[in-house]
Amino acid sequence: MAIAGFLVFAGAVGLLWSRNMVYGLLFLAMEGMALTIMVGSTERLSWAVAAIMAATLAIKVGLIPGSMYRVVSRWPTEFRQDQPLPFWAYPVAAGLLLAVGHVIQLLTPTGIILHRTLFFYGLASIHLGLLMIVSRRHVLSQVAALVGIENGLVVLAASVAGALPTFMEFGMLVDLLVAAAILVWMSHRIHHQFKTTDVVALRRLRG
Amino acid sequence: MDMQYGLGPLIVIVLALLGVSLQIRKISLVIALWVSMVLVATFVDMYASVFQGDWQDILLLVVTVLATTSAWDSIWFLREHEDIRVGRYYVWWALFWGALAAIVLAENLMVSWVAIEFSTLASGALVVEMGNRRALEAAWKYIVIASVGLALALIGIIFVYAGLRFQGLGWNTLAYSNLARHYHAIAPIVRGVATILIVSGIGTKVGLVPFHTWLPDAHSEAPSPVSGLLSGALLGLCLVTIERFVAAVPQPSTALLSGPHLLIFYGVLSITVGSLALLVQRDIKRLLAYSSIEQVGIMAIGFGIGTPLAEMAALLQLVFHAAIKSTLFYLSGHLSAAYHSKRLEKITGMAKTYPGLAISWSLGILALAGVPPLGLAYSEWIMLHAMWQMHQVWLIAVLSLALLVTFAALTYHLLSGLWGGLNFSVSGSQEDMEATSHGSSTAVVGGERA
């Protein structure tokens, strides 16, 4: 389980670091595969667990990275690369990882954390996903970051609750599938209408 | 009872798909009639409990009334925007309606979360249906920001579940009734962290300042019948969800960042920013959107104070705001279509040009400004009274100032809309055209068709 958690964390680091969207999708698929294995190893195998494993594999390894690849592969090469990560993102990433250690120290006395290493991987992946949303400029990087955050949430849940109820697992999976489908469709439209994949172009409206 | 709330949206989806495949021309009318039938059935089913003051049933009725008015307004709206794909519009609309009903009916925190997330996705897709670049931008910001907020809320929900995992109740652990009975078993610090995450996370969806940046964009670019539902129903229902959690999982009164403290803090920020922003608005729908921020701020303060009188005032505010704001959003859509612009400086002289719309618009704006005897004046007065009872003098001062600024800003915009600029000739700029029209037919930006 810890190895699966580490792979999700490594995937989050890879997603943040990688400029090439195709590599990013491979990291996403790797996270999905690790989560599928983790779901299988956290509980005794039953029909419900098998169904969650199958759904995780189908959605997080197949459908989401697949649909994103389908969109990316149609774009010219210059739209498959993200901008370099800004310099400020490196110290912020380091600070966020250190903050996870502080959260663990804070929560350990309450007994809520079942697996400290896994908790670190989960919360660190969420933090890196949030950083990716504010520091990466490619539309699909933002979609990948949202999927990465959700993957981190699954690891975090495993570290504090062992396993989530089937309803919650399915609710999160279906929600992620619909959200990713809509955002990938919108990414395609943004590229079509704005002739760019850079979210900086989305500044016509001011909050 | 719950069946008709699933059946209502489901039949709309079936009708929409049939309408597209059989090319039924009056499908919008058929759908509006069906939704009206659901409203009648709902009212007959629950009028007794509504008159007894059951707030869950009242909120269900509000959602159904708004869905009905939205369905009827959609007929007019779709005539004005012929390029919108009717079938797809109604499928997303029905899913949005279903999600709203699910938020009200949810007796479990996780079900509430799933319903709120689905409401984001369905309403985000409806914003995209406008087809122009501004709508696409607004929808993108809306879905990304709201999803991040809801992800944070989910961390809080997972912490609450983990705190009670020893019960072995599965997903029933997160039933509001179970949380209210066993919240003591959750460590205070875990409760505190979960409360901050859930109030701030779902607060993003409510549009509470400082998480509000998506709201004016999404509400102003959405189709007007959807803006009415977004502003009138969704914001208030998400706030009620926060209130249900805060009431079920209270914290020690000594806690610095307890749920009530956070609600009052975000509420004060929201009424301040919302009312001041009204003064400088140039877009008719953004004006209404910022007014929504101010209104949810008032409701948040009411829930934060937490006395029965303050909570009643907040719920009354929610109901009156739902009726008034949805109507105003529908009207703003027709006014922008009539003037080919959403710019307030171009929507002028309506008293002479469109007297029917002008009367309705005036009544709505005056109600929103808190002019007695229209509804919001009543609930705002009760709110001030509840604050006075709790000796919250500084809250009374902030709210009174905000209401004064709101009144001044709204009456200024109303008067200039009714009688100002009578020499105006209808000649919208390209940007105005894009802001009011469906992109594929009219929006021309930067030399390319949007």
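A residue counts as buried if 20 or more other C-beta atoms, placed from the backbone, lie within 10 Å of its own, as exposed if 12 or fewer do, and as partly exposed in between. This is a predicted model, where local features need pLDDT of at least 70 and side-chain atom pairs count only at pLDDT 80 or more, while totals for chains, interfaces and linings use all residues. Residues are numbered from 1 along each chain as its sequence is written, and chains are lettered from A in the order in which they are written.

Q: What makes α6(A) mostly covered?
A: By that cut-off, 23 of its 23 residues are buried.

Q: How do you know that the span of helix α6 (residues 139-161) of chain A agrees with its number of residues?
A: The expected span is 1.5 Å times one less than the number of residues. For the 23 residues of α6(A) that should be 33 Å, and the end C-alpha atoms are 33 Å apart, so the two agree.

Q: Which residues make the contact of α8(B) with α11(B)?
A: Two residues are in contact if their C-beta atoms, placed from the backbone, lie within 7 Å. T195(B), I196(B), V199(B) and G203(B) of α8(B) meet G259(B), L262(B), L263(B) and Y266(B) of α11(B).

Q: How many residues does each chain bring to the contact of chain B with chain A?
A: Chain B gives 39 residues and chain A gives 34 residues. On the side of chain B that touches chain A, α6(B) gives the most, with 20 residues.

Terms used:
Helix = DSSP H or I, 4+ residues; strand = E, 2+ residues; numbered from the N terminus.
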